[in-house]
Amino acid sequence: MKVRNSLAQTLKKSLYESLDADMLERMAQDVIPDYDLRQRTGFPPNIPMQAQTAASRIVDDVVDAELFLHFIERLARLDREGFMGRGYRIAGLRDLFKAIGAEGYLWDAETGLFMEDPRIRRTHNWGRLVQGEELRLSFLRIDIVKNSRIVKVHGESAARSAYEDLRGILSRSVERRSGRIWSFEGDGALAAFLYGHSTTSSVLAGMSLVHELFLYNRLYNRIGEPLRVRAAVHTGPVRYVPEIGEILKQETCREVVEAESKWTPTDALSITPAVAGTLDRVILDRFKPGAEPGSRALVYTIALGAV
Amino acid sequence: MKVIICTAEAEDKKLASFAARSFPSSPPEIVLDAAFSRVCKKKAASALVYFDGSLGDKRILELAAKLGEVDLCAWGVIDRAGSLPDPASYFFAGACDYIGPSLFKSGLDACRLDEALVYGGLAEEPSDDACEEEVPFSGWDALKEGEEAQVRFCYAAIGNQKNLLERIGEKRLDKLKEDFAAFLGPWSKECGGIVWIKESSGCLLLFPPRDEGMNPVLASFRLLLDRALIGYEVFKLEVPLTFRFAFHSGHTSWQKPGSTGKIVSEDVNFVFHLGMKAAGDGYILASRETAGAVPPTLSDLFGPAGDFEGRSLIASNKFRD
């Protein structure tokens with residue numbers, strides 16, 4: 001996020017009116033590990049530092065480190081929860097939120113994080129993830145069943161057109177629930193969810209995908225055979241890096257790929273035990289134990305039978 | 001009625017345009033020759049199949065011969081360039097339709113399609129002047145009070161209300177019914193319809209006699225498919241939600257919504273009875289009169305469902321939880 005000078009000045013004023021230099025340094029350390037205020041300002045340890053000086057330096061540093069939103073999120077948590085049993089009020093927090101909103105970012109009360117306003121822009125990292133940041137994400141992985149055969153039988157052009165349709169379906173299911181498609185290759189896709197109830201959102205997106213594909217195959221599919229997928233959802237910690245290949249090597253992503261390839265039947269969505277534990281009963285009850293031997297996954301399919 | 005067009009070319013814009021012009025309410029499935037040979041027994045049942053002239057005379061007759069083993073199937077030929085050598089030979093081989101260059105350019109109208117279906121044994125002979133009677137629907141605002149209107153009725157209701165009453169209580173159930181009726185407003189509008197009568201148990205919706213926008217049976221089917229998502233994301237329910245739908249085609253004297261207290265109509269009575277007494281949760285029930293409203297691509301999911309008040313019914317498969 002590009003931080004305007006007026007917004008940085010508003011934050012500086014807000015900080016020195018609310019916190020002393022020690023507390024400001026504490027907050028900065030939560031977003032920039034090992035942050036040393038005196039080293040950065042050149043102030044010797046025996047001279048007391050004014051909050052105004054500390055605030056000015058810290059704001060400049062978080063802006064330089066592109067951690068402005070992260071710092072505001074930390075302040076919002078301090079304002080909401082206090083620190084070590086003591087309450088803190090951050091003056092002008094509402095005005096800061098308003099100014100950030102005007103820059104195209106929305107506040108997600110569920111996670112306490114800002115995200116880009118999807119009406120303005122939709123980027124791969126919600127306009128705010130930074131390299132190395134550790135987050136708990138939910139992933140929806142899909143695999144196109146018999147992808148190579150589809151290309152071989154129907155030709156590259158027809159297959160590409162069908163995959164574009166699938167991408168559109170996935171995109172609608174994922175993005176309306178604040179998720180992002182992180183990869184869409186010939187054989188499958190990966191979508192990530194961070195905001196709101198991210199595991200629930202990823203599961204609902206997966207269910208929606210299964211439904212939409214059911215209708216697509218009946219109404220719009222022109223390749224002469226159904227386009228079929230296996231989908232799976234898993235949640236866990238991830239260290240964010242912009243290269244998707246690197247993310248796919250991390251444990252959480254490896255597990256979602258394993259759930260999809262080992263435990264998920266065709267035309268179905270499976271969820272891992274980590275996901276199942278977070279779902280509301282009304283959604284969880286739609287899933288049944290997987291039929292594969294040794295499966296720990298729960299599986300959702302469309303159940304349609306005679307009246 | 002399901003319509004399939006079998007062609008040799010994958011991306012044929014002229015053919016796609018013809019299909020869109022001729023079958024605006026339910027686009028036919030366009031299938032390539034290679035795929036059709038494999039799936040024809042499964043797909044062509046209860047369908048009208050058009051073979052595109054691009055396949056060539058010999059191949060058309062080969063593929064048509066395969067349809068002989070398929071139940072309730074009829075076929076025709078699209079000859080957009082007028083290049084096929086002997087159109088009569090297709091009728092000798094059992095075809096029910098031939099679309100030459102000028103008809104390809106203008107597109108089929110509903111009457112022509114009906115004629116082909118009747119000739120192919122896929123539909124019953126219509127009354128003498130059924131096609132002449134049909135006039136385009138001019139919109140709800142254009143109807144005058146008391147005017148007789150031909151419409152498609154849909155009774156839509158929250159399903160399993162007894163269980164919901166126990167789980168969420170009377171007050172929340174009443175609110176849910178109100179919210180559902182409000183939800184049906186924009187939902188029916190996408191199909192050119194309106195919420196006409198709101199009752200405590202459900203709502204009566206009206207749709208134009210022909211599709212204007214989305215097909216209402218397809219829209220209902222989609223709502224049943226998405227019932228878990230709608231219950232959770234739209235109505236914020238922590239208990240399962242389902243719906244019931246009953247469709248019927250017929251006539252009523254027109255009154256604006258909110259002024260419908262004195263309507264006397266056999267068809268209105270029938271659809272209320274159908275929705276309240278015969279329909280069930282998780283599927284669509286329809287009178288035979290509405291069978292034409294079922295999109296061809298969903299028709300294999302519908303089957304006979306007995307009689308009710310002297311009318312034969314069809315029902316969709318049921319979504320199970």
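Guide: Two strands are said to pair if DSSP finds at least two bridges between them, where strands (E, at least two residues) and helices (H or I, at least four) are DSSP runs numbered from the N terminus. This is a predicted model, in which local features need pLDDT of at least 70 and side-chain atom pairs count only at pLDDT 80 or more, while totals for chains, interfaces and linings use all residues. Residues are numbered from 1 along each chain as its sequence is written, and chains are lettered from A and ligands numbered from 1 in the order in which they are written.

Visitor: In what order do the strands of the open sheet in chain A stand?

Guide: Chain A holds 12 helices and 10 strands. An open sheet with mixed pairing takes up 7 strands, and their order is E4-E5-E3-E6-E7-E9-E8.

Visitor: Which strands of chain A are the edge strands?

Guide: An edge strand of this sheet pairs on one side only. E8(A), for instance, has an antiparallel pairing of 2 bridges with E9(A), residues 298–300, and there Lys288(A) has Val299(A) as its bridge partner. The edge strands of chain A are E4 (180–184) and E8 (288–289).

Visitor: What angle does the direction of H8(A) make with that of E3(A)?

Guide: H8(A) packs on the sheet and touches E3, E5, E6, E7 and E9 of chain A, contact being defined as C-beta atoms, placed from the backbone, within 7 Å. Axes are lines fitted to C-alpha atoms, for helices over the stretch in contact, and angles between N-to-C directions run from 0 to 180 degrees. For H8(A) against E3(A) the angle is about 15 degrees.

Visitor: From which element comes the largest share of the side of chain A that touches chain B?

Guide: The contact takes 24 residues from chain A and 30 residues from chain B. On the chain A side, the elements that give two or more residues are H7 (147–175), H8 (198–219), H12 (281–284) and E10 (304–305). The largest share, 8 residues, comes from H8(A).

Visitor: Which residue of E13(B) stands opposite Leu304(A)?

Guide: E10(A) is joined by 2 bridges to E13(B), residues 318–319, and the two strands run antiparallel. Within E13(B), the residue opposite Leu304(A) is Phe319(B).

Visitor: What distance separates the centres of domain 1 and domain 2 of chain B?

Guide: The bounds come from an automatic or database domain assignment, which gives chain B domain 1 (2–133) and domain 2 (140–316). In contact are 7 residues of domain 1 of chain B and 8 residues of domain 2 of chain B. Taken over C-alpha atoms, the separation of the two centres is 33 Å.

Methods: Two residues are in contact if their C-beta atoms, placed from the backbone, lie within 7 Å.
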